[in-house]
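Dear colleague,

Please look through the sequence and the model first; my findings follow below.

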Amino acid sequence: MAWATIDNSYARLPERLFTRLSPMRFPAAKPVAFNEGLASELGLESTASDLLTDLLKTGTIPEGFDPLAQVYAGHQFGGFSPQLGDGRALLLGEVLAPDGKRFDIQLKGSGRTPYSRNGDGRAGIGPVLREYLLSEFMHAVGIPSTRALAAFSTGDHIYRETALPGAVLVRVAASHIRVGTFEFFASRGDIDGVRALFEHVRTRHYPDCETPFEMLQAVMLRQAKLVASWMGLGFIHGVMNTDNTSLSGETIDYGPAAFIETFHRDTVYSSIDQFGRYAYSNQARIIVWNLAQLASALLLLEPSPDAVLKTWQQSIDDFSGIIEKARLHAFGRKIGLSSPNSTDLPMIDDLLSLMQEGQADFTNTFRALATDEAARDQFLDPAAFDAWAERWKARIANEPDPRSIMQQANPQQIPRNHLVEEALQAGARGDYSVFNRLLEAVTMPFDPRPEFAWARVPATPENAVQRTFCGT
Ligand code: AMP
Ligand code: MG
């Protein structure tokens, strides 16, 4: 069998959590990328690529899979949508990798489902390649993320403002369970549904937790680390709705996601984020809000909610402090500190303020700290940086090896927005060479080799990307 052990645990949950169905057929489907490294981590044989092609072309479900669309709800930009779900995705099933880890294999862009609402269930080549690049980069820098196993062109077109080439992404995740999945059942007063989901998530992701409250705290810890590490990369998710916040603590649903170039705390790229709800620095607040929604759902499992309300509320209040600690840790490493403490935060925030005032390139400034390049050249007013640098040098004087800490925390190559845009545009013309070149550079993010120098050059005013789009 081309697949490792298949074991569809989600499909064994109560039927109201999903709808079984088969993907659409795409007779002209062709693979445009296949992730050999991930395939072998999952214990897949090389024929997996052929089986996926066959699945898309003919609808033949590989033996053992039991495809289904998952239902969920979600707060989108703060407003509650009681009925969302996999509107353009299908969970094929779950594989157990040779190391025993369980992964969802999902198709994204595979046609309409009962949860498509007015959508066509389809994806375009642009968003598929963007998610491939960004998610594989995230994984390469060590940030939990869904991953890309393969991308296919469907050989037909989808219609947005214009006709675009259709595509399907084969996505791999520890699971695709979202805060919104809990909200779906909680909002209907379906306590048995919330309980079934809780038991599933607990067993699957948090086996050391016994109670809903313990699990809530464990989710908070993972999400604190996740969002802090996003901020340490200058990453802006762009649509941190509760349906895009995963219980496993992985980055999920890249939509309009983008990386900051010239640093500014209020940066927003998403064309639909009119009020900057999901701006760079707001992400630390929004995750608190999102997990408060999870808390409300899990609270339904408490026999006497009133008795525990204070404790639960307190833990939501304490969450900001946990995020701040995680941010200190993430940025501490970026400036070479092996064990940063809270007195280091002002120095970190001062650097960010200087970068904002000095219009410094986020990635290249931190990279310069870690190498022999002059970081001061990144600032409009290099002298302003010099004073900070004195403070910083004094602080790291006793660190045994600050440079190696920084070299592992500050990537050389990131998927810069204009490079991603170029790769997507070429992909839309059927030329995947630009995508492949960028994928290689960003999946070796810490490799300083000169061949990747082009990927370290910031955008110019002419090619800078100001807005990104969901592509839905
Ligand atoms: P997103 O903002 O991409 O996370 O999507 C939010 C919701 O809209 C999810 O339930 C998606 O499944 C659904 N959706 C997005 N695009 C489409 C589409 N083209 N067809 C059907 N449903 C979609
Ligand atoms: Mg989503």
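Helices and strands are taken as DSSP runs, a helix having at least four residues and a strand at least two, and they are numbered from the N terminus. In these terms, Arg117 is found in the loop between β8 and β9, the latter covering residues 123-124. Please note that this is a predicted model.

**Backbone**

Arg117 is not a glycine, and yet its phi is positive, at about 50 degrees. Asp253 likewise has a positive phi without being a glycine, in this case of about 65 degrees. The place of Asp253 is in the loop that runs between β12 (235-236) and β13 (258-259). Asp253 counts as buried because its relative accessibility is 12%, and buried means under 20%.

The protein is divided into domain 1, residues 5-176, and domain 2, residues 333-409. Taken over C-alpha atoms, the centres of domain 1 and domain 2 are separated by 40 Å.

Both domains contribute to the second largest pocket: its lining draws at least three residues from each of domain 1 and domain 2. This pocket has a volume of about 1000 Å³. It is lined by 44 residues, of which Gly142, Ile143, Pro144, Ser145 and Gly249 are the closest to its centre.

Several elements each supply at least two residues of this lining, namely α1 (36-41), β8 (102-108), α3 (125-141), β11 (163-173), α5 (191-205), α6 (212-233), α8 (305-334) and α12 (402-409). Which of them gives the largest share of the lining of the second largest pocket? That share, nine residues, comes from α6. Sorted by class, the lining of the second largest pocket has 21 nonpolar, eleven polar and twelve charged residues.

**Cavities**

A search of the whole structure finds four cavities of 30 Å³ or more. The largest cavity has a volume of about 50 Å³. Its lining is made up of Gln223, Leu226, Trp230, Met240, Asn244, Thr245, Ser246, Glu250, Ile252 and Ile287. By class, five residues in the lining of the largest cavity are nonpolar, four are polar and one is charged. Here too α6 provides the largest share of the lining, with three residues.

**Aromatic residues**

The structure holds 17 aromatic pairs. One of them joins Phe385 and Trp388: the ring centres are 5.8 Å apart and the planes stand at 35 degrees, so this pair is tilted. Phe385 and Trp388 are three residues apart in helix α11 (residues 382-396), and therefore about one helical turn separates them. Both Phe385 and Trp388 are buried.

Trp388 also pairs with Trp392; their ring centres are 5.7 Å apart and their planes lie at 15 degrees, so this pair is stacked. Trp388 and Trp392 both lie in helix α11, four residues apart, which is about one turn of the helix. Are these two tryptophans, Trp388 and Trp392, buried or exposed? Trp388 counts as buried because its relative accessibility is 2%, and Trp392 counts as buried because its value is 7%.

Elsewhere, Phe137, Trp230, Phe235, Tyr254 and Phe259 form one aromatic cluster. Trp230, a member of this cluster, is also one of the residues that line the largest cavity.

**Cysteines**

How many disulfides does the structure hold? The number is zero. A disulfide is a covalent bond between the sulfur atoms of two cysteines. As to the cysteines themselves, Cys209 is buried, since its relative accessible area is 9%. Cys470 also counts as buried, with a relative accessibility of 19%, the limit being under 20%.

**A contact across the sequence**

Finally, I draw your attention to Ala330, which lies in helix α8. Ala330 is buried, as its relative accessible area is 14%. Ala330 and Met231 are 99 residues apart in sequence, and from C-alpha to C-alpha they are 8.3 Å apart in space.

With kind regards

Notes
Residues numbered from 1 in each chain as written. Chains lettered and ligands numbered in written order. Predicted model: local features only at pLDDT ≥ 70, side-chain atom pairs only at ≥ 80, totals over all residues. Heavy atoms only, no water. 1 Å grid on protein atoms, 1.4 Å probe; cavity = no way out; pocket = protein on both sides within 12 Å on 5 of 7 lines; lining within 4 Å. Points joined across faces, edges and corners; volume = space filled by probe spheres on them. Nonpolar A, V, L, I, M, F, W, Y, C, P; charged D, E, K, R; others polar. Domains from an automatic or database assignment. Disulfide = S-S within 2.5 Å. Buried < 20%, exposed > 50% of the residue type's maximum accessible area, 1.4 Å probe, protein only. Phe/Tyr/Trp six-rings, centres within 6.5 Å; stacked < 30°, edge-to-face > 60°.
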